[in-house]
Structure formats: structure tokens, C-alpha cells
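Dear colleague,

Here is the structure for your files. My notes follow below it.

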Amino acid sequence: MAQLTLQDYSQEIEGLLEKSAYDEAIAHCKHILQQHPKLVEAYRLLGKAALDREEDKTAQDLFARVLSADPSDFVSRAGLA
């Protein structure tokens, strides 16, 4: 079984989001969060997927979580705008 770093895994999820494979990206993010519940990048990616799926309330909640951990996060600030 091949080993991936979390950074590589996040990049693969970004690729899924670019291909509009939102359900698959969400499933991968949830899998990461089961192992690493405090990983801010997974919440950011979930927020992006929710925003792309026009789930505004969910995206708002996820981006707020990211901003509570990293107040200067550009993606989350843009997502909330």
C-alpha cells in the first residue's frame, strides 16, 4: 500500500474539487478528519466543497472553524465573503 503525506493527500482532494467530484472530495476529507480531527486543511477543503455545492450554511460553519484556528486564512475569508 502506498503511503501519502497529508500534504499530497490534500493536493489530490484539491484536484477532485477542480474536477467537480465534490462527493468524493468530501468523503476523503471526512476520512482524514477521523484520523486527524484537528487538521485545519481538511476543514478548509470541506468548506470549499460545501461552497461549490452551494451549501452556504455548511460552508460558513466550516470556514468559521478554520478562521478560529488560523485568523489570517485567505481561502476562508474569501469563502465567507
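**Contacts and core**

Leu-17 touches Tyr-22, Ala-25, Leu-45, Lys-48 and Ala-49, leaving aside residues up to four places away in sequence; contact means heavy atoms within 4.5 Å. This is a predicted model, in which local features need pLDDT of at least 70 and side-chain atom pairs count only at pLDDT 80 or more, while totals for chains, interfaces and linings use all residues. Residues are numbered from 1 along each chain as its sequence is written, and side-chain values use heavy atoms, with hydrogens and water left out.

pLDDT is the predictor's confidence in each residue, from 0 to 100. The chain average is 93, and 98% of the residues score at least 70.

Leu-17 also belongs to the largest nonpolar core, which has 20 residues; Leu-17, Ile-13 and Leu-46 touch the most other members. Such a core is a set of buried Ala, Val, Leu, Ile, Met, Phe, Trp, Tyr and Cys residues joined through side-chain atoms within 4.5 Å. Buried means under 20% relative accessible area, exposed over 50%, partly exposed in between (1.4 Å probe, protein chains only). H1 (6-18), H2 (22-35), H3 (40-52) and H4 (56-69) each supply at least two residues of the core. Helices are DSSP runs (H or I, at least four residues), numbered from the N terminus.

In H3, the buried residues include Leu-45, Leu-46 and Ala-49. The buried residues of H3 pack against H1, H2, H4 and H5. Just after H3, Glu-54 takes a positive phi of about 60°.

Ser-10 lies in H1 and is buried, because its relative accessible area is 9%.

Regards
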